[in-house]
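Take a walk through this model, one chain at a time. Keep the sequence at hand.

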Amino acid sequence: MLSLNEKFLIGSYKKVFFVRSQRGNPVETLFKLMLENGLIDGVLTCSEKKGKATPSLFLKANQVKVNPLNSYFGINTLLKRALQKYRLNKLAVFAPPCVFDGLNKTQYFGIGSNWTKTAVALKVGLLCTGALTENSRQLEVIHLTGEKEKVKRYFYDRANLVYQLESNREIIVPVNVHHKYILTACRYCLNMGAKGTDITYVPKKEPNEGLFIVRSERGWYTIAQVQKIAPADLKLRVSEKEETEELVSLLRDKSLLNINDILERVELGLPTPKWSDNKLRKFYRAWNSIEGNFEEEVF
Amino acid sequence: MFFKDKILNDEEPKLSIGFFHLSSCSGCQVAFLDMFEAAVEILDTVKLVYSNMLTRQKEIPYLDVAFVEGALCLEDQHHLNLIRELSEKSRIIVAIGGCSSFGGVRRLSCGNQPPQPQHQSFVPITEVELLKGKVKYAIPGCPPNSSLLYNFLLALLELNDDFLQPFEIMALSKKASGFDVIAEVVNKGLCVGCGTCSAACPTRAISFKIECAKPSFNPSICVHCGSCLASCPQSFKPYPQPTYT
């Protein structure tokens, strides 16, 4: 029977670290340090350009900037540019878990972009409770506050998703409200913890703070290397147990809503996200979708 | 699979493969040749017995796997003879690329053009009744990536059914275009906006709309290669799921 425990919600990990960066966002700092020291040769992610989330490929450390909002769309459209135009072979990717599904498939089969399997050096996943387009986010804010105001950044604080608005006002976004505004496909996702990546990043209240859930050997090695290179730039301490528990509690609430939606689709006879038996037009039953969702391989 | 017995019983356990050209641009064969740098390690288990680019063989020998690129031109007697010969001499046939699998860019051809104005009708080999049962796999792409062909050949040698199964299903598929992604993924609320379909499209018929986080399809430049749906993470998720090491 399904158990919404920590293993299911966050996945396997080696250690959870609370990270504080001296140079801004911890993930940006991580990538900057790695680019400066030749550990990677490019970063594929999404950044904010002219107020719009745009897929971006960064080749220089001083350019690296990640999107402060959860709108990481179309990142894989730049795969060919990274691998075939710039011939990168130590690429780091920062994205939510669904983007890694596409990347993993490209790596496993080779469909889409040549030789992706050997070109990705680091996968940093973003803990994701659902992605939104700019329009959806604006309407969500109106729903919560009754006013139209832009969101500056988002973070997780004490089992809550919080938006920081342009006026620096912070609003807690209830999970059930958030569930209504996210992309439809995000309502059926059961990999919010970004299982299958080397490191999962969780944004925290201060812009220069966050959690790093280190999962793979490669992630562990990366953190060790970066610590060796610049111990003062990225300060790590082992996370408190409560911090992980709060996260698990938030993901559990969201998972229950998602499972409810998956079951509803099955009842209606509509396809669920994981399609059955590798067959293109037949689909997993809901329970398979839930129980088999331990995608923990890092390619 | 048949070559399990072959490996156990035959004196020469090498898998004999051939590469055959129908109506196409030869891009698939070039992609096939592209992978050979990486494929050196499997050459001791594979024997290339026929290829119009690599061998001088005039007559088609009996072979285990025939890789066929291009669509069958109904007005070309050479093609018709080749199809007949392949149905007799090959144990399985693999359709490589959009033209032989789904019709590809040949779907847009109306013929009546120099230098062969009589060449007017083209059929993917997956639709030829004579080859039913022989065409076991169809590989999408225009052309398919060389890494995909390499992985496929490796899976064929290792009898990796998990890898091969989607290609078996694709051999039964009749249509392949960006509309598949729209109908099967976007319309059914499964699109996560990752952009993999757009990256896989060889003609940029699928672009990506950031504002709505969905792919956008331009049918006038789609060559029906089938890459988009095959690459979509929501179409099938076949990769194994072990734990961390």
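Which domains does the domain assignment give for chain B? There are two entries: domain 1 (2-170) and domain 2 (178-231). These bounds come from an automatic or database domain assignment. This is a predicted model, in which local features need pLDDT of at least 70, side-chain atom pairs count only at pLDDT 80 or more, and totals for chains, interfaces and linings use all residues. Residues are numbered from 1 along each chain as its sequence is written, while chains are lettered from A and ligands numbered from 1 in the order in which they are written.

Stay with chain B. The C-alpha centres of domain 1 and domain 2 of chain B lie 26 Å apart. Their contact takes 12 residues from domain 1 of chain B and 7 residues from domain 2 of chain B. Two residues are in contact if their C-beta atoms, placed from the backbone, lie within 7 Å. On the domain 1 side, helix α5 (residues 97-102) of chain B gives the largest share, 4 residues. Helices (H or I, at least four residues) and strands (E, at least two) are DSSP runs, numbered from the N terminus.

Now the core. A nonpolar core is a set of buried Ala, Val, Leu, Ile, Met, Phe, Trp, Tyr and Cys residues joined through C-beta atoms within 7 Å. A residue is buried if 20 or more other C-beta atoms, placed from the backbone, lie within 10 Å of its own. The largest nonpolar core has 147 residues, and A:Ala92 and B:Phe67 touch the most other members. Domain 1 (2-170) and domain 2 (178-231) of chain B both give residues to this core, so it lies between them. Leaving out residues up to four places away in sequence, B:Phe67 touches B:Ile17, B:Phe19, B:Phe20, B:Phe32, B:Val94 and B:Ile96.

Turn to chain A. It has 9 helices and 11 strands. Of its 299 residues, 49% count as buried. An open sheet of 8 strands in chain A, with mixed pairing, runs in the order β3-β2-β4-β5-β9-β10-β1-β11. Two strands pair if DSSP finds at least two bridges between them. The edge strands of chain A, β3 (52-58) and β11 (234-238), each pair on one side only.

Look inside the sheet. Strands β9 (residues 199-203) and β10 (residues 209-214) of chain A run antiparallel, joined by 5 bridges. Here A:Pro203 stands opposite A:Gly210 in β10(A).

Notes: Buried ≥ 20, exposed ≤ 12 C-beta atoms within 10 Å, placed from the backbone.
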